Structure formats: C-alpha cells, structure tokens
Amino acid sequence: MKIAVCIKPVPDPNHYNKITVNPETKLLERKGIPMVINPVDKNAIEAALQLKEQAGGKVVLVSMAPPDAREKLTEGLAMGADEAFLLSDRAFAGSDTLATARVLAAGLKKIGGFDLILAGAESADSGTSHIPSQLGELMGLPHLNHLIELNLEAASLKMKTKIEYGYAEYEGNLPMVLGVAKEINKPRYTTLMGVVAARNKPFTIWGLDELELDPASTGLAGSPTQPGELHLPRHGRKAELLEGEPGDIAGKIVAILRAAGVLV
Amino acid sequence: MPERLGAVWVIAELTGNRLTEVSLELLGKARALAAQGGGSHTSAVLMGNDTGSLAEELIVHGADRVFLIEDPRLALYQNDLHAFVLADLIKKHHPEIVLFAASYCGSELSATVAARLGTGLAAHCTDLRIDDRGELVQVVPAFGGTVLGDIFCRETRPRMASVKPGIFPKPEREATRTGEVIKETAAVLEGYKSPLKAVRIVRRQPPELPLEKAPAVVAGGWGVGAEGWHFLEKLAGELGGAVGCTRPALDEGWAQSEDALIGTSGKTVRPRIYLGFGISGSAHHIVGMKDSGVVININQDPDAPVFRISDYGAVADAKEFLPVLLEKIREHKEE
Amino acid sequence: MLRHSENQVLLRKVVRDFVEQEIAPMAHKIDEEDTCPVELFQKTAQLGFNGVFVPAEYGGAGLGYTEMAIVLEEIGRHSAGLAVGLVAHYMGVYAIMTWGSDEQKQKYLPLLCSGSFGGLSITEPGGGSDFAGQKTIGQPVGGEWILNGRKCFITNSHCMGVNVLTARTGEDDKGRPQISAFIIEGDTPGHKPGRKEKKAGLRGSYTGEIILDNVRLPQENLLGKPGDGAKIGLGTLGEMGRGGTAAAALGIVRGCLEESVKYAKERIIYGKPLAKLTNIQFLIAQNRTDYEAARLLTYNAAGMKDAGKPCASELSIAKYFVVETAVKAAKRTMDLMGGYGVISDYPVNRYLRDAVAAIPACGTSHIMQVIIAGGELRK
C-alpha cells in the first residue's frame, strides 16, 4: 500500500500570542517563532504508519513549502515515513488553498501510484480546512475531511468523520483523499533510531519545471483569492480593575450581573 | 459573467430535520450585503429530502427566494452528491456571493464546490462587507485569531465564504415576509455512481442549553483546576447560563465534553455576560468570545492578556474566589 | 565554537518532545512521593534512550556520548532524579560494552537496551572512594564464584535487571587486594535489594543497598579478567558516570535559567514585572553565563570522549563545575523568587535539593578536585 501524507510547516501554535502586525509596514511580525510540523499533520503521519504496519507498503511525505522546510520533512522521516518530496519554487509563493492544492496534486500525480492520500484536517496558521477536499477534487478522487476513525478491510474503508455533537459514518474504496482530525490517534514519539535513519532516506526537491506547472496556475497569479491588509482585532474594552477584598469584588460582580439581567 | 448582478446566496444547513441557527444568521448578513450592493437579492438553497416545510422558515428570516431540491439521494449529507447539485445550481443561476456555514460539513462542501468551480473561498470569516469599490471584503482570522486579514476574490465568481456559528446575529423573524420557493431537481445525479456511501449519522443529545444560546457563559481555564471546576457549574446554574472552557481545561478532562470548548477549534459565543475564571487569554480562546456583551475575568496573574479584552477584571485565585462569589449570590437571592 | 550537528539538534527536539509530554508532568509527583516510575523506563527503551551509545548490532541507537549527554540534559531539565537513574544504568551498560566478551555483550546489551535496568555496584558501608578497602568477597568454589557482602548507595538497587558489581577475589603477588568485576542478573538467587534510602534530592530513582547472600555465579559472569575490578569500576565511574552526572546537572542549570526568566517576567512588583529591576537582571545574567559555561564544559568533554581522546580530567572538571554551578544557580533562583522559591508549587527548591544530592554521585567535588589536581601535578 502506497500512502502519501501531505504536511505543512507552520509557526509553532504555542507562540501565536507573540505574532503581531507592524503598524507601519502592515507586515506580519513573527520573528523568533520556531517552525513545526502542523500538529494535526503528525496525526496523519501516524495514521499512515499504522496502515503501513497493518497492510505493508510505503509512506511518502509531500509538502509545498520554502526550501528551509527540509528539516521539517526530515522530522517526518525520523518519525517513520520512507521518502519525502519537497515542492518548492518562488513561483508558488502567495498560493491560496486552491493554488496550493494544484501544486500538491501535480506532485502527487508525478510520483504516482498512491492508494491513499492523507493530510491533516486543517493547518494551525490559516486554519481553512480546505486542502483535503480541494486536493481530492483536483486528483479526481473521493475525499472526506475531519476523520476520527479509519478502518481498512481489504481495499475498502470504513470511516467516521466529526460533525457537531456527533459523527457520520461512511464507507468507501481506495484510492481516496482523507483529512484527519486529531482525535483519530496519538502520534508516536520519534525514536533515536528513527533520527539516525532519517537522513539516509530518499529526499527529492521539485520546482515549477519538474512539476510541469503553468506559472499562471500557481502562486499569487493562480490564486482566485488575493490577500488585502492585515490588521489586529480591536476589542475596545474598558478593562476596569475591580479592587478590594474578595467579598467586595464579589459584591461588585453581583451588581454587574444584575445590570446585565442574568441575575434578578 | 452575466450582465445582471446576481444574488447573494446562503446554503442552508440541516441538523436532523431542522435548520441550524447559523443558516439563519447567514441570511441576516446576506441581506445586508445585498443592500450594500453586493447582490440583487437574497436567496437560500435548501438541499435534502422531505424538507420543503423549512423553506418558509428561511423566507421569514430574510430569504427572497428559496431554491428547494428534494431528493432521497440528498437525505444524508455527502460531499460529492451535494457538491454536484450545488455546483450545477450555481452554474445555472450565477450568484454573486455564496455563504456557507463553517461547520464540519459546510467547510467541506464549500471547499469542494470552490475547487469544482475554480473560484475563491474565504474560510471562517469574522466579517463580510462591500467596500466603496463594490468589492466584497472577507475578513478571516489567522494564527488562531491573533491577526485578521482581508481577503478579496476579484476575478472569479461566485465569491464564496464560510462563517462559523455565532459570528453574526440572527435576524428577527418577520412573520409577514413573503418569498418565492423555486423547485429544482437533482437531475445532475442521474447516472452518477458515488464512490462513497454515507451510512448514518450519530448525534449525541445536544445539551439543553447550548453554549452558543446561553445568556450567560461561565468559562474556566487552567487556573480553575480539577478541584474548582464544580463551582463553575454551580455558578452557571445560578445565572441560567452554561459552562465553557479553554483548550487546556478540555485537555485536562475538567470540562465534560468538547461541546464546551470556546475558540478557534470550538464555539463562538456572544452571551450577554461572559465570566472567565483562570483564563490567561490566548488568541485561540479570545477569538471565540470577544463579541460577548459584558466581559468579566478573574485571574491570579495581573499581567494576564485576558484583562486587556475585559470590561472588568479582578486579580484573584479563581478557585478561591468562586465560592466567595457563589456565597454573595446566595446572600443576594435571600434578600 | 561548540556546535551540534543537524542530527543532534533533531535528536534534542525529539527527546524534548517526549520529556515535556511524559516526564515534566510527573516530575513533581515522583519527587513528592519519592518513587521511581519503572514503567517509564520501558518507554524510554523503545525510543532508544536506554542504549543511546550502544552499537545498533546490540540493539542500541548506535550514537555517541554527545547524544547521551543531550538525552540526560533534556531529562535532567525536568527531573534530575530520573536522569541520574539513567546515568547509573548507562554505567552498567558501559562496563559491559567496554570490557565484556562477545558472548557477554550479545547476552546483556540487548536486554539493557530494551528495558532492563542496569547499574554499577562499588560503594560499601565503609566508603565509596576507598576502592581497595571493599569487603564484599568473591570466592572461587568448584569452578563457580560465590559472592557475599553488602553494597550501599547503589542507584537502581530496587529495580536492578543487570548489575555490574565489584568484589574482592583474593590478593595479588604483592599482597594487595585483588578486586574483580562480575555481571549479576537481578533475579539471581541471593542477590537482593536491602534498605532503600530516603534521599533529600534526586528522587525518582531508587538508591539503596544490594545484599549478596551466597550468590553463585558461573565463570562466564566474570567481567574482564580476575583483578580487572579497579580498571572496570573506576574506569566506568570516571569515563561514563562523571560525564553523565555533569549532563544531568546541566539540565538543572538550564531549569534554573528558564524558571528565573519566566518568574521575572510574570511576577509583578510595584506595578511592573520583576524583570525590569536591574538587580534581578544581574541574577538572570549570572544564570545565563553559568549555563553557557556548564554547557561548554559538558559537551566539550563528551566530544573528546566521542573522539577517543583521553578526557578523564575534562570529565572530572565538567562534573565538578556543573554540579557546583547547579547548586549556586538553584540557590540564586530561589533568592530571586523570594518565598515562592521555597514552596513546592514551584520546582526550584527541588532543583536545589537535586543539585546538592548530585555532589556525591560518582565522586564528591573534593574527590573531583583531587583528580583534577593530580592530573596537573603529574604533568
């Protein structure tokens, strides 16, 4: 079974409070924030490794990212994936989700032969959750997102996806594109043996030319959406500090609750 | 592109045999966008089986027209079937703007249709408006809500956006409103054999008072601790409200279920009053409660970011302060 | 300039991921309850920590002493007690790897890499540094060895899987005591734990007595040749134990640095963070400088060991400096935190107890000074 896992390096979500917008340049300031594999993408790698343990085969990582993403893919190889492809080109910069899905689809088609394509349900940075569905459409394969359970029996899959207050059950056949939610599993820890093995695994970098993509179909030029200005949320609260003994503060809160009409 | 301005569409979403609240919230925004010149009028799309009676509900909440597609094949949501029908309908009627619920299914359906039509989609919009050049400005959160960005879709049509529940207010019901119900068919599915099969949907009984409808939300974070959690439930009971939580409190297992999670990967709430305890105020959480009426926060750390987005704050240990507040409320009720 | 390779950086990250998720949350509890979470040792084995420097053919990760120091620093950052348990294990592993026969290596190293606790038993009630004065006896009887005696202050005493132990096996030609080393499996009849010590610090690993009551061992359990005990015991302490203890204590120093920065930023005093006060900045600067110096000494010595260079002095210097620095850094950080430094809600008082408890491990600071001076005076 040949399984692809699409992963994305993102700034570490534990540091998002430090991200801000420069009021003059209007550009994002995120200096010093380390990059990590998008957390739920690790669940996708884990799901792939479990399927490989069950059915045999190979796990291939694919990422569209700048060249310095190599280290993040190596981390995925250390976790247990067999091979990695980094799709990297200046022409890909500014891609929205649809243009990103085009690049990933081109890479996956060029590698070829996948029985299953997995991705994290959403990225921590932009959080659209579009990629699994859009990739499925561009690959011409059935797809589901927010998977919380996945069972492989021969070539057929039994799946559960997350919905509000519950889940939906599906059946389908390979090949498919699936976006996994973090509930699906707990990603394994990487072993030191995995770290040792990672750098000897095949690693390929492809750009626009290797993927034979039209520059007009990727990057900013190929994106149906265009980003405008960035801004910071405005909260406009008065931030009045209630002071005194706990009892006094509680009294003031009771008055506020009454004024708001939740306490008669 | 057609010469005439198309409509603003809302894709109605069903839970069981009811419309979701967010479908109605979207209708209010759709009407506002149409009024700002974003579209000729407001239409809703209702796909399902035996759901025709809900069309009226959409009209009294703001739809001028309802496209009704009833077909047994649409009885359960399934992305390929629904996307086929919807993409076909969009190609036929050329809407300007299409709004989706950013629910699990709505997010998936919107992404699928956008890829089929090759058009732009903005996810989890926190604001939508038409600017003075007539462009649709779609405001989306990034980095867990720390930063907001404007998104445009200048070339392709329709422009599509998804919105989470609770972002826009639900419009008042106008019982006298009239509208047109247009029956469409799922004929596009003839001969299509889906590679997928939706087997069933299993839903827990939603809580009696869903968090997003509660007039008062009592939210707890890391600072409450396992031992203080029951105070939150008691307080919510006193106020006729519901308990919400942050991600760390959910991960610790203090909150009963994910239904209580407020923020990026959870609910968006806008209660009349929000009372936060032991919450530091990460961007992930703030994005889910910032539009609440009055915001009060109790935290031990005087420098907690949460105080900057509060109307009132007090520096105290949440688990020690909660019983004091409960006692004060009891005294008040006895008076 | 001391620089880690990309692989060492990645290795540190994967170790840290594990430590932050699995060890940090239990560090306070194992200190408070004074227990050793033996099941955790199975998990670290699966991840390759237990045999980090053991060749892959024996079930190890096939890495070196720098990587071992990284593992110990990362664990020591949150639980120096657990890190020191791992150091004791590494000593047993090192002794067998360095002086064992092919058969011994094939038999014991895979066990030790896959979850069995190792250890090194030298010290006796009469003292640890009086190596030649040890009273545990190994007698050759009918082609076997019979061991009797008592070892104390042995780390992993109560969870020992494979023990490397020294005993007096006779006298040499000049009438001096002949000390030999043995490999004893933990469940060998007559090999049992005795008293379990209650330690002031470095809780999270067991330290206690090993009692030998007519333990019968076949010839193949002799490690090295008769009389190799000093070479093996002191060599393991010197070349492995001290470098390992330095790395574990380096974790304490980093803990002090990180906790002091965190506290200084969060604690508001007179309406502003503590960090705005110059005298507080002096303390943080000292913690940072101490960490830098301790780090350089630890990894330089480990790098020399990896390169096969003589480094007994450098390892002793690292052990002496890093452990003493950890004591000072923990005391300094407690000063910075005032009353909060003393209460158990904050980990820094544990760091101080751990640092102090690390002083006697593998030789006290005074012994280290004697070794370091000896190295200079012989030049």
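**Chain and domain contacts**

Modeller: Chain B and chain A bury about 6800 Å² between them, with carbon and sulfur atoms giving 61% of that area; buried area here is the accessible area, taken with a 1.4 Å probe, that two parts lose on being put together, summed over both. This is a predicted model, in which local features need pLDDT of at least 70 and side-chain atom pairs count only at pLDDT 80 or more, while totals for chains, interfaces and linings use all residues. Residues are numbered from 1 along each chain as its sequence is written, chains are lettered from A and ligands numbered from 1 in the order in which they are written, and side-chain values use heavy atoms, with hydrogens and water left out.

Biologist: Which residues of chain B lose the most area to chain A?

Modeller: Those are B:Tyr104, B:Phe143 and B:Tyr312, which together make up 12% of what the chain B side buries.

Biologist: And how many salt bridges does the rule find across the interface of chain B and chain A?

Modeller: The rule finds four, counting a side-chain nitrogen of Lys or Arg within 4 Å of a carboxyl oxygen of Asp or Glu. One of these pairs B:Glu258 with A:Lys162, whose closest N and O atoms are 3.2 Å apart. Helix 4 (residues 104-117) of chain B gives the most to the side that touches chain A, with nine residues; helices are DSSP runs (H or I, at least four residues), numbered from the N terminus.

Biologist: What area is buried between domain 1 and domain 2 of chain B?

Modeller: The area is about 870 Å², and carbon and sulfur atoms give 50% of it. On the domain 1 side, B:Gly144, B:Lys164 and B:Gly166 lose the most area to domain 2, together 45% of what that side buries.

Biologist: Which side chain meets B:Glu21 in a salt bridge?

Modeller: The side chain of B:Lys213 does, at 3.8 Å from N to O, and the rule finds one salt bridge across the interface of domain 1 and domain 2 of chain B.

Methods. Helices (H or I, at least four residues) and strands (E, at least two) are DSSP runs, numbered from the N terminus.
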